[in-house]
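Welcome, and please open the structure in your viewer. We will take it one selection at a time.

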Number of protein chains: 2
Amino acid sequence: MAGSVSGEMIVRRPFDPVVHDLDPNFHLTKFSDLKGLGCKIPQDALNRILEPLREQDKSQLEAEQAHFQYVVPSPRIGIGMDACITPIRHGGLSLVQTSSILYTLLDDPYMMGKVACSAVLSNMYAMGVTECDNMLMLLAVSQKMTDKERDVVLPLAMSGFKDCAEEAGTSVNGGQTVVNPWMLIGGVATSICQPNEYIMPDNAMVGDVLVMTKPLGTQVAANAYQWLDVPEKWNRIKLVVSEDDVRKACQRAMYSMVRLNRIAALLMHKYNAHGATDIGGYGLLGHASRLASIQKNDVGFVIHNLPIIAKMAAVSKACGNMFGLLQGQAAETSGGLLISLPREQAAAFCKDIEKQEGYQAWIVGIVEKGARTARVIDKPRVIEVPAKDKDGELW
Amino acid sequence: MAGSVSGEMIVRRPFDPVVHDLDPNFHLTKFSDLKGLGCKIPQDALNRILEPLREQDKSQLEAEQAHFQYVVPSPRIGIGMDACITPIRHGGLSLVQTSSILYTLLDDPYMMGKVACSAVLSNMYAMGVTECDNMLMLLAVSQKMTDKERDVVLPLAMSGFKDCAEEAGTSVNGGQTVVNPWMLIGGVATSICQPNEYIMPDNAMVGDVLVMTKPLGTQVAANAYQWLDVPEKWNRIKLVVSEDDVRKACQRAMYSMVRLNRIAALLMHKYNAHGATDIGGYGLLGHASRLASIQKNDVGFVIHNLPIIAKMAAVSKACGNMFGLLQGQAAETSGGLLISLPREQAAAFCKDIEKQEGYQAWIVGIVEKGARTARVIDKPRVIEVPAKDKDGELW
């Protein structure tokens with residue numbers, strides 16, 4: 001089933017700066033300092049800050065609905081969600097937009113561009129939207145880069161972003177590039193949709209199950225890989241993993257991050273998903289909590305299983321659980337969708353996605369009666385997800 | 001004519017950090033280091049980097065046109081222009097998108113939010129598009145801010161952005177907030193347009209004149225204001241300006257930057273504009289050159305007049321012309337539109353905009369036969385543009 005991943009599971013050679021006339025010690029990851037949860041404003045602080053703006057949104061929406069009663073009210077989702085949906089001036093169409101901005105967590109500029117594009121689109125796929133009409137690319141180039149480094153890194157990152165957009169059946173027209181202390185890369189995805197093209201995320205029902213489409217541990221793997229060069233860090237984890245384990249895990253993470261959630265979005269329609277979110281910087285639990293908080297029904301999410309890239313649970317433990325990986329708190333980059341599906345459809349969904357893409361999806365939890373919160377049980381089952389080569393063989 | 005500026009020309013009190021329980025020495029402008037042209041990747045470097053991507057665009061466009069010959073070919077503008085125009089899947093509509101990201105050049109977070117929003121929209125107005133369907137807000141919060149500073153600055157900046165969007169008849173749904181060494185603020189504007197709603201920028205004709213809708217000198221004024229607190233800088237300019245001059249110039253710059261180019265965009269239709277650009281980080285000459293380079297006809301732009309916020313030409317001279325203001329090179333923030341208009345329409349355009357908004361526009365140059373370049377003549381005439389209070393009185 002290599003077709004859908006463009007044959008990329010051939011182990012990609014690490015980015016070699018020397019091939020591009022750069023210093024052998026050039027590391028893209030050194031151009032931004034924040035890792036993991038530090039990348040984000042704490043979720044509670046952000047919620048507090050955004051609350052007044054949401055209130056304004058609500059009153060504006062009510063005013064609009066009062067004013068335009070002859071219009072079938074289109075749903076509208078605003079600030080703080082995975083995607084925004086805005087009714088537009090032209091017949092029944094809505095504008096669905098998502099944005100994302102990442103720090104560099106890979107040394108390979110081309111792959112980093114792909115990851116960023118995939119992450120931007122992932123927010124859109126979480127709404128069940130499979131067709132993107134345009135993408136913008138947002139780039140901040142580190143002022144610490146030499147002109148030469150900039151001239152190598154930028155075109156590669158842009159090409160990666162562009163190629164990923166093409167794989168997703170869309171293109172990149174427009175964007176913005178600025179100079180900044182850190183390198184940042186991200187973008188905006190826009191789709192003009194008819195109402196049947198998106199799935200509102202707020203219909204989870206008691207009895208649903210929660211399915212996740214990619215394993216956790218992307219940032220743990222990317223960090224562990226960087227620690228190969230940092231003896232005091234490496235010494236903490238070398239008892240539980242080999243260098244080879246770490247390299248494989250980082251490759252696995254990289255391919256997981258560039259893999260589009262597009263087929264998952266398509267299957268959300270086929271299997272009547274009741275809502276979804278994509279897993280990013282706030283981690284599985286953070287995004288699950290956010291999804292729970294906006295539900296229409298009195299539901300709560302309980303997560304029992306944590307599929308994790310092989311060996312990364314051990315790495316996390318060896319570091320004193322510094323990422324919170326085993327509590328579902330570790331930040332992820334371009335993670336899977338977390339989808340609320342009718343119980344009787346979930347197994348078929350998982351089977352179908354595996355058939356189409358060659359990758360597993362997992363039932364990770366349940367939707368029960370509750371107060372719109374999410375939790376991971378005390379001792380969740382860790383599912384070790386091995387890396388695979390392009391023929392689907394386990395490493 | 002105060003109506004269109006929301007009565008804001010009442011002199012706004014400087015932002016007082018103490019009112020918000022912040023340190024009296026809190027300055028928002030200290031949270032990003034780059035000023036002026038430094039904010040941008042040099043135009044030639046960016047062009048070199050973008051060239052291969054544009055080529056791909058072109059071949060993609062050709063492939064599409066070959067494939068969809070039954071579709072009336074819609075124009076498409078891509079990477080590196082003020083706005084991108086992308087035909088969408090739904091009947092004859094195009095997606096027009098613009099983005100902009102600014103460094104903080106004002107200490108007032110609310111006004112900085114307004115300026116950023118106005119700058120994002122300005123790119124769209126340069127295409128003659130007056131109706132924006134949605135905006136996204138992009139924010140990078142400085143990691144050097146305390147939690148308290150962040151919690152004060154963010155809501156104010158967001159409110160400013162949102163209020164400006166409302167003045168423009170649109171709203172903000174969605175966006176992204178990240179942590180960064182510097183504070184950055186920007187966004188994306190999106191409009192779904194019918195073909196008659198936008199004006200392609202590439203139809204300038206020999207005999208046209210160039211009209212500019214806001215004075216130059218915004219960043220010079222903002223910088224001069226910051227120098228009031230830096231004796232070694234202030235000493236260089238205090239012989240040519242008073243403290244009061246600088247305060248007025250900075251106020252004038254601030255109101256100029258938040259003023260929308262929306263009426264200018266509307267009048268572009270009425271007076272048959274042949275194309276326009278908005279003036280930002282590359283300065284008048286930089287943006288004029290870019291506009292010239294994409295023209296269909298063999299034209300060149302020659303600029304004779306430089307309308308500049310009062311006293312800022314003198315400040316620039318006193319600093320050894322460090323901003324290149326008198327060569328039209330100084331970076332601007334949320335500057336005016338530069339519009340190519342039929343000669344016989346230009347005076348009426350200027351008169352109309354002054355009638356509607358109470359602000360002057362100026363004929364600054366001409367379009368002659370040429371090789372798609374732009375230049376400022378050797379000794380351009382400097383037009384000193386005084387600040388005005390809300391009743392239109394000159395200060």
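Start by colouring chain A by pLDDT: this is a predicted model, and chain A averages a pLDDT of 86, with 85% of the residues scoring at least 70.

Now select residues 60–80 of chain A, where the pLDDT is below 50. Beyond near neighbours in sequence, this stretch has 27 contacts in the model. Next, pick residues 390–395 of chain A, where the pLDDT is also below 50; that stretch has 15 contacts in the model beyond near neighbours in sequence. Where pLDDT is low, the predicted coordinates should not be read in detail. For the model as a whole, the scores are ipTM 0.83 and pTM 0.87.

The contact takes 32 residues from domain 1 of chain A and 33 residues from domain 2 of chain A. On the domain 1 side, select helix 2 (109–125) and helix 3 (147–167) of chain A, each of which supplies at least two residues of the side touching domain 2.

Which helix of chain A gives the most to the side of domain 1 that touches domain 2? Helix 2 of chain A does, with 9 residues.

To finish, colour that side of domain 1 of chain A by residue class: you will find 17 nonpolar, 8 polar and 7 charged residues.

Note on methods
Residues are numbered from 1 along each chain as its sequence is written. Chains are lettered from A and ligands numbered from 1 in the order in which they are written. This is a predicted model: local features need pLDDT of at least 70, side-chain atom pairs count only at pLDDT 80 or more; totals for chains, interfaces and linings use all residues. Two residues are in contact if their C-beta atoms, placed from the backbone, lie within 7 Å. Helices (H or I, at least four residues) and strands (E, at least two) are DSSP runs, numbered from the N terminus. Ala, Val, Leu, Ile, Met, Phe, Trp, Tyr, Cys and Pro count as nonpolar, Asp, Glu, Lys and Arg as charged, and the others, Gly among them, as polar. pLDDT is the predictor's confidence in each residue, from 0 to 100.
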